[in-house]
Structures are given as structure tokens and as C-alpha cells.
Amino acid sequence: MNCEEKYDISGMSCAACSARVDKAVRKLEGVNDVNVNLLTNSMVVQYNEELTNKEKIISAVVKAGYGASIHVEKEIKTSEDLKDKETPKLLRRLIASIILLVPLFYLGMGFMLEWPIGVLHDNLLILAAIEMVLSLSIMIINRKFFTSGFKAIIHRAPNMDTLVALGSGVAFLYSFIMTIVLLVRVVSGAEQMVIHMTAMNLYYETAGMVPTLITIGKTLESYSKGKTTNSIKALMDLSPKTAIILKEGEEAEIPINLVQIGDIFIIKPGQSAPVDGEVIEGASSVDESMLTGESMPIEKEVGSIVKSATINQNGVLICKATRVGNDTTLNQIISLVERASNSKAKISQIADKVSGIFVPVVIIISFIVFACWMLFGKHFIDSHPDIQSTLLSYSIERAISILVVSCPCALGLATPVAIMVGSGKGARIGVLFKNAVAIEETGKIDYVVFDKTGTITKGHPEVTEVISNIDEHELLSIAFSLERNSNHPLAKAIVDRATRDNAQSYDVDNFINVSGKGISGTINSQQYHVGNMSFIKELGISLDAYSKKIIELSKEGKTTIIISNDKAIIGLIAISDTVKEDSKEAIEKIKSLGVVPIMLTGDNKLTAEYISRQVGIDQVISDVLPEGKYQVVEELKKQGKVMMVGDGINDAVALTSADIGMAIGQGSDIAIESADVVLMKSSLTEAYSAIQLSRYIYRNIKENLFWAFIYNIIMIPIAAGVLSGIGVYKLAPWMGSAAMALSSLFVVTNSLRINFFNPHKKHIWMSKTKHAPDILKLIIEEEEKENTMEKIIKVGGMMCMHCVGHVKKALEAIDGVESADPDLNTGNVAIKLSKEISDDLLKAAIEEAGYEFIK
């Protein structure tokens, strides 16, 4: 049995660590997929319970040199759970390191640059001892780099901490040895020049500066990473901490986690809904902008659904709890954002592969560079006295610079930071991506297939036109009085319109309901009828005066309700499922992105084509059953990437089949479950926003990866000394440390730019508009191809092309033979059949034409 489990991972510091954990777990038998997230220090594993278990997975992580535990979900999460606890720790380390580094740097550089350092100029041994104590103190403060780095070496999985530990450690060890040499030379009374040159080869400031600068980078990186969860924390802070429950007629305030399904709760003006519920008493306007991005308040009345964290604006609402705890709309959104953040995009695979071998390769390069300078650098050092270094110290400096300038962190953060910020941004604008692949693929689509009802249209009938021989208000009053007790959707449309227009309600006598046709009743001693054409015809009432208008309305996809008295028609009411206000604008915007829109509906052709003309969709496929929608999507996928947008149960199969399934948030639970992306509002403008945001995030990831790769490609050779020939003799190790810290900071900061993305602004990128294939034609051709059978027979006696023509004509005259192609040279005839035909029938036709049938 396949299952999925989330684990908390400790000890990871860079992309090499996450790659090591991934590799260790992926090797286990029965593991299907592994997603390790450096940003959240977590891992999601999909595995077969019959072949492996949680203990084996945790053991594999521990053997790789890291800690692992099963992630425990809280019943209700709070923003406190996501509070940045790492940055304050790093900040304390950083402050202590800087306090020690300032005098260390001043003394180390001051001696070489002849800054005023007092009596220490003449007491170089004391100077060396002070520098050693200061640098050792900094290393102790930042001992985590060393414990983690050397532990990683023991487990044969070197990481970024290994590079820092080796860089700082080698500098300190070399300086310590030179301090011993300095002590010996001072005690033995060596010449002052020799003592001075020995002191020039101390690198204590490098040993202290490397971990300090890396800590600066880590602190800024940690702070920036903390900001990536701001969108989730903001969502969590929306939910009130308590709820007002109504028990036995009295109000009681209780913690939100104690609210149970079925509890009656009160939302007063200005308060937020604690959980999801159904209004059982009261009416009010509710601000849902924090969940959907919809700026206008939504009217709520008895029977309406209120969602957790939405704000009641005026009246008091009494509600019955329907979803509590992690099942509320708000917590579902938070879970989707977290799930997307914990998943991996396809583009991250390149970085993962590189990260797995990055650190060992850098260490090897460092040793090779050291060896090359030692073997071939003597002439260069001798010919450049201004370098003021021995060959050994210069070679060591080059090796240390390579270790500390290399940055696997930027590679590891390039994708997950952008995914986390992007999924949070999506949640704020009402677009929920379920995983990283959905974020990546949504922007790559070539075709978007829209369901009609509830997606392009509002999904419920409305009165669109009233044609009346009498006063319009009076006509609506008559229709309202007759229809008010009916549950039929068309009756509800008439009642809603009449209520809105303040129509009168008359008493009705002799009420008659003719199922499927109409109703009749007496109002003020006058008999009236409301129904369809067949109902009015059966009553013997002439339709002639209105037949042209009824046909015209039918062509527009509208249902016509006829109102008459006993003698004649007094008016018509046209009802249809109307287009959403922003559907036309949204589809035009989607077209501007180079994406081809297609309408796919089970509705009739007239209605579908009328709606498509209103919104500007050129291709329409109507009268399609759910399995037909699947077939259309599959056929379209052969032409390019397809996104299906729908809201109903009948869309679920097509949503699953499409490259990207996008569900309207107010649609059915099955549609939402089947989709990859959920739009919290019912607006198609959010589909446009989702495509734009996806492209922006993907572009941001590519920028991050480009920087991460190009940084290492440029900086490692510079650190190795390749520019020495043009006078750039060396990149000091402390400069390499600063560059390394800045590279990670750049990636995180660049990803945070996603927060400023405006989804409604037209951006510069645009796909090349694809040619929209005739889908119906493709499907018909595919069906014909599937239904066509081929058979080859042999015919004797054909002597010339006239004979070929006779055989062809004889065979194609048979019902079920699509075509016959005789070959004069071989005597073979290739026959295409639309149905099964016996050889006897073929033989009879050939022999009747005067030729011999040979099987």
C-alpha cells in the first residue's frame, strides 16, 4: 500500500545536505518519491508500506549524518508555529563575532599596512598571540560550522559548512604553525627582517573573518527566509483565537480549538468568523477579501455559507458550525500553500544533481590549485615582489579562497525560496497552487479549455428580458404570484427578479400545476397561465404574434416563459444563464498571453455558440458528455500543453486528464480535489492572474539558477588566481567569504520580489500565439481511423488499368467498403472497411465483375 509521510530534518545547511538526504532515502527499496526542502528543513516521502517503513527512512537519514523525526501536525496552527526562531540566535552569534573581529582585523591589517598599533609594532609575538586568541574565540562562537563540517566529512558527505570549516581551519592552522616559527625565531635572536616577514604570513584575520562573514550572510538569509512565510503567517493571524458560542440561550466565549461541528456561534459586527458555518439567523454583508481578493462585500442571509476569518460588517449572524479545526477554508488554504512550498519543481532537478557533487568537486579543485601553484608558481612569485608572500602562503591562500568563495547554498535556495514566496503570493490574490509542478507548468500552457456553466457563466438562470403587452410591473406580479411556491430553477429566477423589482403578490385560486409544462391559476377572477410553448398551444392560444421573437430568443440560448390569460398572450419572460461580468475581459487577456481559449460544454449548440460570441471564444464544442470532455482534452494534448478550467462533477475527469486542472473555488468538492490549481473567486480573471504569476515565478527561478551557476563559474577561477597574469594577484579569503554570503542573499532577495508582482498588469513576456486546431475535425478523424479496418485480398485476371478500374468499382459498390486500391503488378487489393464484411461477399462481387478471387 502506497502512503505519504512528512519528516522534520535537522542538520542541513546547504543544497549538498539536502541532496545527500534525498539520495540516502531514495536508495531504500519501496521509496517512490522524495522531496527534501532545505528552506523548511522538511522531507516528504512517498513509499510502499509493504517494502519499507518509517523506521528505515529515519535510519537512512541518520546514517547520512542528519537527524529525522516524523512531522506532527498541530490540530490548529498559529503564526507562532512559524515564528522565526533561527534569526535571533544567528544575530547574537554575529554581534559577538563582530565585536571580536573589529580589533582582530585592525591588528592584522594594521601591521601589514602600518596603521598605528602602538607598542605591538615592536612586539610581534604578543601581536600574534592576541590575534590567535581573538580568531580562536570567533571560531568557538561559530563552532557550528566546524562541528557540522567535520561531521559531514566523517559521513563522507561534505557540505557548505565543510568548505567554511576547511577554509577557516586551514588559515588558523597555518597561522598557528607560523606563530610557533615566529616564537622560535624571536627566542633564537633572528634578524628583525626575518621576524617581520614571518609575521607577515599570519592569517588569523582570515580565520576569524571567514566564519563571521558567512554568519552575516546566514543571518540575512535567515531573516529573508523568515519573510517568505509572512503570507502564511498573515493568513494564520486572520483567524480569531476565540469564538462566541450560544448554549441554552446564553453566550459563552471559548477557545477556537474547542468549537465542534454543529455548535451554534455568533458573529457580531466587526468580528471575524471563527470557523466555517451556515447562517441560520440574521443577514449581513461579509468581507471575504482576505480569502478571495474580492473587494466588494458579499451579502449573507439564512442558508448562506460563511468562511473562517471573513469579517462581518454590519448585522449579527447566528451560524451553525460545519467545518472546524484544520478542515476550515482558511486552514485548507494554509495547508495548500505549505504543500506547494514543500514540493519540488522540475527545473530544480538540475540544481539538485549539481549540488550532490558540488562540495567534493570544490575541495578537489582546491587541492589541485594548491598543488599547481606549489609546482609551477615559484617563478611568478619571484618575479612579483609586490605580492609580499612566500610561495607556500600564496598557494594556501588560493586554496582557502576557493573553499570559501564557492556557494552551494545559492543553488539549493534558487527554487524552494521562489516556490514558497510564489505560493504565498498566489494565496493572497486568490490563486492556490497545490504543488510546485503546478506553479511551473501553468505558465507553459498553449490551450485553455473552459467549461461553460458556472465557469464562463454564473451557473444559475436569471431573467434577462421582459416583453409585455401590459404594464411590465403587473406582468411580473402575475408571474410572481403563480411561481412563488415552485422550486423549479426557472421559477426561482422569476421570483428573484420580481422580488428585486418589488412586484406585488396576489392571492391565487384554482392553482393547477402541469408537470414539465406550466401552471395556471385565477387572480382577481381572471385565469392566467405561465409555461412553455407546448403548454400554451394545448390551451388553444395563438403564438403567431410572438413566434418570431421566441425563435430569436432561442437562437440566443434563452428559455422563453410565456404568460397568457384565457384569450391571448400578454407577455414573455426570457431566462438564461448569463455570462459573468468579467469573463469577456478575462478571455481577451488570456488571448493576449498567446494562449488559445476553447469552450467545452454539454449544453446545446445554439446556447454554446451564443455564449462564445459574447466572450470572444472562436472554438466551441457542445453537446459533450463527461467522457467526451476527456476525449477532447486528450486529443488537444497531442497539439500542446492543455489547461482545463471547470467547476462541476462532470469536469473532474477532464481536470485530471489535462496537463493542468484548474477548479473554480465555488465549484464542487470533486472538481476542486481533481484540480492542480484552485481559484478562490469565481472570476476567470484569476485564471489570467495564475498564468501570469506562474510565468513570473518560473522566470524568477531561472534568474536565481543563472546567478547561482554564473557566480560559481566566474568566482572559482578568480579565487584560483587565473587573473594573476593581468595584475589581479589574489582574491583575499575574506573577500571570498563576503562574496559567498552575498550570493545567497541575492537569491533570497530576488525571490522576495515576487511579493511585488502585480497580476493585473500586462507584463512583457508573451507566448507565440498557437494556431487553434479544429478539435471536432481531429476527433472525427481519430474516430474514423479507429473504426476503419483494413483487409488485403488477391485478385486474378487483371490485365490492364481498365481491369483495375472494374475491380475497384465492383468492390467499392459494397456497403461498408470505404475504398479499394488494386495493384496491377502484384494482384493485391488493399480494402478499407467501416464494418466487418465476409470474404464470400467480396468473392461474389469480384466474380460477378469477371475476375478470380484468390484469398
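Here are legends for a few close-up views of this predicted model.

Local features are included only at pLDDT of at least 70 and side-chain atom pairs only at pLDDT 80 or more, while totals for chains, interfaces and linings use all residues. Numbering starts from 1 along each chain as its sequence is written, and side-chain values use heavy atoms, with hydrogens and water left out.

**View 1. The whole chain, for orientation.** Of the 855 residues, 53% count as buried, where buried is under 20% relative accessible area, exposed is over 50% and partly exposed is in between (1.4 Å probe, protein chains only). The accessible surface comes to about 39000 Å², with 57% of it belonging to carbon and sulfur atoms; these areas come from the Shrake-Rupley method with a 1.4 Å probe.

View 2. Four strands line up in the order 28-29-27-30, with antiparallel pairing; two strands pair if DSSP finds at least two bridges between them. Strand 28 (817–822) and strand 30 (852–854) sit at the edges with a single partner strand each, so one side of each has no neighbour in the sheet. On average, neighbouring strands are turned by 30° against each other, direction ignored. Helix 30 (residues 801–812) packs on this sheet and touches strand 27, strand 28 and strand 29 (828–833), a contact being heavy atoms within 4.5 Å. The direction of helix 30 makes about 165° with that of strand 28.

**View 3. Zooming in on strands 27 and 30.** Strand 27 (residues 789–796) pairs with strand 30 in the antiparallel sense, over three bridges. Look for Val-795, which stands opposite Phe-853 in strand 30.

**View 4. Helix 18 crossing helix 19.** The axes of helix 18 (residues 472–483) and helix 19 (residues 489–500) come within 9 Å and cross at roughly 135°. Axes here are lines fitted to C-alpha atoms, for helices over the stretch in contact, and angles run from 0 to 180 degrees between N-to-C directions. That makes helix 18 oblique to helix 19. The contact includes Leu-476 and Phe-480 of helix 18, and Ile-494 and Val-495 of helix 19.

**View 5. Glu-288 in its loop.** Glu-288 lies in the loop between strand 9 (284–287) and helix 10 (289–292). With 6% relative accessibility, Glu-288 counts as buried. Ser-308 is 20 residues away along the chain, and its C-alpha atom is separated from that of Glu-288 by 9.4 Å.

Conventions
Helix = DSSP H or I, 4+ residues; strand = E, 2+ residues; numbered from the N terminus. Parallel < 35°, antiparallel > 145°, perpendicular 65-115°, else oblique.
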